[in-house]
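Hi,

Here is the structure I said I would pass on to you.

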Amino acid sequence: YTGPYMDTRFSGPSGKGWPVVLAKRTGQTGSMHQLISDSDITVNDFECPMLAGFVYHSKGTVFNIDPKVGPLLAGAGVKVVTLGSNHITDAGSTGVRQTLQILDANHIAHTGAGLDLTSALAPAVVDVRGVKFGFVGWDDIVGSGAAAPGRPGVAPLTNANVKTSLAAARKQADVVFA
């Protein structure tokens, strides 16, 4: 990481573009894994649906990525991902379903999106030496695909949803992160 730059192809929230990471390969493959390898819990905000037959989009802000990322995250030690983001539904219900399946297959706990509203609000819980850590997340971006009974999507940020997911997390975990 060498700093950010403003991508002015899109207006962004201030009308001046979006800050984008400027990264440069250093030849130090495995440095990130080494950095986080001794952590008890590594949490990732995950905005991209993993989709079989994914397509790289060189223009616009429709995201999806290769399902190979799932095992890479697990191999790097990621234990929890929060999915309550506006882009997790970019590939529709299929993208949400496949992403959840890939995370489950790689034993990565997730919160903030699900197969329905109940599962989207469910906490991700990780046990570290007998202490249970719970994570919850929501999305507040207009246009995101909201989960509903029988419909995959994100957990919308509402007072009722926050209360529901925090109450569930407090029942299951000793420490809760929102």
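This is a predicted model: local features need pLDDT of at least 70, side-chain atom pairs count only at pLDDT 80 or more; totals for chains, interfaces and linings use all residues.

**The parallel sheet**

Start with the open sheet of 3 strands in the order β3-β4-β5, where the pairing is parallel. Its edge strands are β3 (43–45) and β5, each of which pairs on one side only. On average, neighbouring strands here are turned by 20° against each other, direction ignored. Between β4 and β5, which run parallel, there are 3 bridges. If you want one to look at, take Thr82, whose bridge partner in β5 is Thr111.

Asn44 sits in strand β3. With a relative accessible area of 25%, Asn44 is partly exposed; the cut-offs are under 20% for buried and over 50% for exposed. Leaving aside neighbours within four places in sequence, Asn44 is in contact with Val78, Val80, Val81 and Thr82. Leu117 is 73 residues away from Asn44 in sequence, and 21 Å away in space, C-alpha to C-alpha.

**The mixed sheet**

There is also an open sheet of 3 strands with the order β7-β8-β10, and its pairing is mixed. The edges are β7 (124–128) and β10 (175–177), as each pairs on one side only. From one strand to the next, the twist averages 20°. β7 pairs with β8 (residues 131–135) in the antiparallel sense, over 5 bridges.

**Helix α3**

How well does the length of α3 agree with its 14 residues? At 1.5 Å a residue they should span 20 Å, and the end C-alpha atoms are 20 Å apart, so the two agree.

Now for the faces of the helix. Gly95, Val96, Thr99, Leu100, Ile102 and Leu103 are the buried residues in α3. They cover an arc of only 165° around the axis, so they lie on the same side of α3. An α-helix has 3.6 residues a turn, so residues three or four places apart point the same way. On the other side of α3 you will find Gln101 and Ala105, which are exposed. The cover over the buried residues of α3 includes α2 (69–75), β4, β5 (109–111), β6 (113–114) and β9 (153–154). Just after α3 comes His107, with a positive phi of about 55°.

**The cores**

Which residues have the most contacts inside the largest nonpolar core? They are Phe46, Val81, Leu83, Ile88, Leu103 and Ile108, in a core that has 14 residues. α3 gives the largest share of this core, with 4 residues. Apart from it lies another core, of 8 residues, including Leu121, Val136, Trp138 and Ala147.

**His87**

Last, a look at a loop. His87 is found between β4 (80–82) and α3 (92–105). Is His87 buried or exposed? His87 counts as buried, because its relative accessibility is 12%. Again leaving aside neighbours within four places in sequence, the residues in contact with His87 are Glu47, Pro49, Thr61 and Phe63.

Cheers

Definitions and conventions. Residues are numbered from 1 along each chain as its sequence is written. Side-chain values use heavy atoms; hydrogens and water are left out. Helices (H or I, at least four residues) and strands (E, at least two) are DSSP runs, numbered from the N terminus. Buried means under 20% relative accessible area, exposed over 50%, partly exposed in between (1.4 Å probe, protein chains only). Contact means heavy atoms within 4.5 Å. A nonpolar core is a set of buried Ala, Val, Leu, Ile, Met, Phe, Trp, Tyr and Cys residues joined through side-chain atoms within 4.5 Å. Two strands pair if DSSP finds at least two bridges between them. Axes are lines fitted to C-alpha atoms, for helices over the stretch in contact, and angles run from 0 to 180 degrees between N-to-C directions. The expected span of a helix is 1.5 Å times one less than its number of residues. The arc is that of the directions from the helix axis to the C-beta atoms.
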